[in-house]
Amino acid sequence: MTGVAERRCQFQMEEQDLKHQLFAALAVACAAVSTPMAASAEYPERDIRVVVPWGAGGGTDAIVRKLTLLAEKEIGGTMYVENIDGGISATGVSQVMRARPDGYTIAALTYDSIITIPWQEMLPSYKLDNLKLIARVTSEPDALVIDSSSDYKTLDALLAAAKASPETVRIAVQNIGGRVHLAALQLEQLSGAKFKIVSYPGGAGPQKEAILSKEAAGAVTSLGDFASLLDDKTVIGLTEFSSSPNPTYGDVPMAKDLGVDLEIGSFIVIAAPAETPDDVVAKIEAAYKTAYDSEEFQKWVTNVGVTPSWLGTAEVTSWSNETQKTLFSQMDALVEKGILSK
């Protein structure tokens, strides 16, 4: 019986040892599950993709590339910009909405991403709730520029001509229903002028070609988009729809100083998929804020006619919601009057 007792005791000891090993393994597994974001302490561990939902070479592309190049130095990893054009930014932004929320895919949103697409309800699946807004980096007012060889050297002269001969002064916009089209319509409504508004989709490039080929007398766009033509005096700025002077083109009068109560423009907002962890978002925000504050960026951005304007993660979502509310109301009013179609 002694041998049986010894074997039973040995079996019990081995059983206890096996249980201890199992409990140790379970403890390690539970620790890994209970701290799923432990890996985020090492973020980034691979390249970060920054989607610009417009073609290469435009104003948004240039600004995001410059900022991202500087942010890359701060974040401790490689960041690269990818242009995904189409759907007035919806194609690229939709990809980011569906991306894994791990901080390795982010996007640059513009006016159309936040205003035009949601208001027109272009895509049922396109909802800003699918994104987490990180920061606004620019606020770029729209402006009215005119061919310098035209007879219109002031806003008053242009408006007088558009009143005297309605729909004869050709003004280039981008997408019908988009931001600059809305600005042109609001200018008409406030002034009583009536332009021949012509759409040139694809950004500022086609608008420039329209003026250079004399297809259009002027365009509604940002001064930054027309920087090269302003600098060589091909066009002149008649007014900017802003309440503060442009840091580069301070000689262009503000609309409010000319008796036109109109403020409208674009912006660039950095965003990530909605479920991106807060600590990862904080790292992205910090990297872009350091890049934004750098002397290199501030000097560069003022040389291209763009107004830097920072709103961080804590403020940018409420600003976006208020901006939507205001502009949706304005556009709905234009629809009711038959001026704009939805």
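How many helices and strands does the protein have?

1. Overall make-up. The protein has 11 helices and 10 strands, where helices (H or I, at least four residues) and strands (E, at least two) are DSSP runs numbered from the N terminus. This is a predicted model, in which local features need pLDDT of at least 70 and side-chain atom pairs count only at pLDDT 80 or more, while totals for chains, interfaces and linings use all residues. Residues are numbered from 1 along each chain as its sequence is written, and side-chain values use heavy atoms, with hydrogens and water left out.

2. Of the 342 residues in the protein, 48% are buried; buried means under 20% relative accessible area, exposed over 50%, and partly exposed in between (1.4 Å probe, protein chains only). Among contacts (heavy atoms within 4.5 Å) between residues at least 6 apart in sequence, 76% join residues at least 24 apart.

3. Helix 9. The 16 residues of this helix (residues 278–293) should span 22 Å at 1.5 Å a residue, and its end C-alpha atoms are 22 Å apart, which agrees; the expected span is 1.5 Å times one less than the number of residues. The buried residues of helix 9 are V280, V281, I284, A287, Y288, A291 and Y292. They cover an arc of only 135° around the axis, which puts them on the same side of helix 9; the arc is that of the directions from the helix axis to the C-beta atoms. An α-helix has 3.6 residues a turn, so residues three or four places apart point the same way.

4. Helix 6. S191 belongs to helix 6 (residues 179–191) and, at 15% relative accessibility, counts as buried. Apart from neighbours within four places in sequence, S191 is in contact with L159 and K163.

5. Backbone geometry. Most residues other than glycine have a negative phi, and most peptide bonds are trans. E167, which is not a glycine, has a positive phi of about 60°; E167 is placed in the loop between helix 5 (155–164) and strand 5 (170–173) and counts as partly exposed at 45% relative accessibility. K214, also a residue other than glycine, has a positive phi near 70°. K214 is found in the loop between helix 7 (204–212) and strand 7 (218–222), and at 54% relative accessibility K214 counts as exposed. A cis peptide bond, with omega about 0°, joins Y43 and P44; P44 is in the loop between helix 1 (2–34) and strand 1 (48–52).
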